[in-house]
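Me: I would like to go through this structure by question and answer, with the cut-offs stated as they come up.

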Amino acid sequence: MIALFAALELEVRPFLRRLDVRDRAPLGGYALTVGEYDGQRLLVCRTGMGRRAGEAADAVLGHYRPDAVLSVGLAGALSPEYVVGDLVFAETVHKADSEREDGRAPEAVLSDVSLLETARRAAESVGLCSWSGCSLTSSEVVPGPRQKAALRQATGLDVVEMESYWVGQAAKEQGLPFLAVRAVSDGAQDTFPIIPGVMAPAGEQRTHRALPYVLRHPGRIPLLVRTARAEMKAVANLTGFLEAFVAAFERSPVGKPA
């Protein structure tokens, strides 16, 4: 079984539509879907944003023991080389710590070497651009080029997100192989708009709350449109990757007896 943890519904909605769903019972207050894709058993947990992801992973991994644990979703690029839609396989995941000079806590979570290789093969098999990099798990959204540049300079890391470190810590405590996979939704020079109240803590989108914001800020409509298109591209590439990864995982030694 492969366990996928994603903060937001939008990040995994297209992939869930391809699943042969067996169960949709919440676990520990977190949305959980169990099913199969191409004969491979999967569970997909929507964790919500930030540190909630670790609590969700603790709850799920206390009940299930999958062969592999993946933290998947969108990320903002810190590296200027990355463009929207690129996949990043994080060899290491670091927790942000603003009190340290290098901007990150001393201990990092490592991705499993075999899972990294499986991910690279999967992306290559479907022609997706991918990078091996390092991720920073922040406690807040990093919205603009100035903040991204400052994080890049301080940490030297490649992408920023809000959950992978916490999921990785939960997998590490259970002795389970872990991999962080992120699709770039906004480049290092892009601004990511924050609309208050649109994203619920549990990861659902409240799109109806965007209208009052748009009416108050009509000048931001072009930015919102660009952001939505970028997210769609990133999610489409992430979905294509997950489909290929499941097939590649069947041929991987991860989780199988030596």
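Me: In which handedness of crossing does α3 pass α7?
Reply: This is a predicted model, in which local features need pLDDT of at least 70 and side-chain atom pairs count only at pLDDT 80 or more, while totals for chains, interfaces and linings use all residues. Residues are numbered from 1 along each chain as its sequence is written, and side-chain values use heavy atoms, with hydrogens and water left out. A crossing is left-handed if the near helix is turned anticlockwise from the far one by less than a right angle, and right-handed if clockwise. By that convention, the crossing of α3 past α7 is right-handed.

Me: Are α3 and α7 parallel, antiparallel, perpendicular or oblique to each other?
Reply: Helices (H or I, at least four residues) and strands (E, at least two) are DSSP runs, numbered from the N terminus. The axes of α3 and of helix α7 (residues 221-249) come within 8 Å and cross at roughly 120°, where axes are lines fitted to C-alpha atoms, for helices over the stretch in contact, and angles run from 0 to 180 degrees between N-to-C directions. Angles under 35 degrees count as roughly parallel, over 145 as roughly antiparallel, 65 to 115 as roughly perpendicular and the rest as oblique. Therefore α3 and α7 are oblique.

Me: Which residues of α7 meet α3?
Reply: Contact means heavy atoms within 4.5 Å. On the α3 side the residues are Leu115, Thr118, Ala119, Arg121, Ala122, Ala123 and Ser125. Their partners in α7 are Phe241, Ala244, Phe245, Ala248 and Phe249.

Me: Which residues form one aromatic cluster?
Reply: Rings of Phe, Tyr and Trp (its six-membered ring) pair if their centres lie within 6.5 Å; planes under 30 degrees apart count as stacked, over 60 as edge-to-face and the rest as tilted. By this rule there are six aromatic pairs. The cluster consists of Phe89, Phe241, Phe245 and Phe249.

Me: Why is the pair of tyrosine 82 and tryptophan 131 classed as it is?
Reply: The ring centres of tyrosine 82 and tryptophan 131 are 4.8 Å apart. The pair links distant parts of the chain, 49 residues apart, with tyrosine 82 in the loop between β5 (68-77) and β6 (87-96) and tryptophan 131 in strand β8 (residues 130-137). The planes of tyrosine 82 and tryptophan 131 stand at 40°, so the pair is tilted.

Me: Is tryptophan 131 buried, partly exposed or exposed?
Reply: Buried means under 20% relative accessible area, exposed over 50%, and partly exposed in between (1.4 Å probe, protein chains only). Tyrosine 82, at 5%, counts as buried. Tryptophan 131 has 25% relative accessibility and counts as partly exposed.

Me: What type of aromatic pair do tyrosine 165 and tryptophan 166 form?
Reply: Tyrosine 165 and tryptophan 166 are both buried. The two rings are 5.1 Å apart centre to centre, with 85° between the planes, and the pair is edge-to-face.

Me: What is the closest N to O distance in the salt bridge of arginine 13 with glutamate 9?
Reply: A salt bridge is a side-chain nitrogen of Lys or Arg within 4 Å of a carboxyl oxygen of Asp or Glu, and the count comes to eleven. Arginine 13 and glutamate 9 both lie in helix α1 (residues 9-17), four residues apart, about one turn of the helix. Arginine 13 is partly exposed at 29%, and glutamate 9 is partly exposed at 30%. The closest N and O atoms of arginine 13 and glutamate 9 are separated by 4.0 Å.

Me: Which residue forms a salt bridge with glutamate 91?
Reply: Glutamate 91 is in strand β6, and its partner is 29 residues apart from it, in helix α3 (residues 113-125). Glutamate 91 is partly exposed, with a relative accessible area of 35%. The N to O distance is 3.3 Å, and the partner is arginine 120.

Me: Is threonine 92 buried or exposed?
Reply: Threonine 92 belongs to strand β6. Leaving aside neighbours within four places in sequence, threonine 92 contacts Ala108, Val109, Leu110, Gly133, Cys134 and Ser135. With a relative accessibility of 16%, threonine 92 counts as buried.
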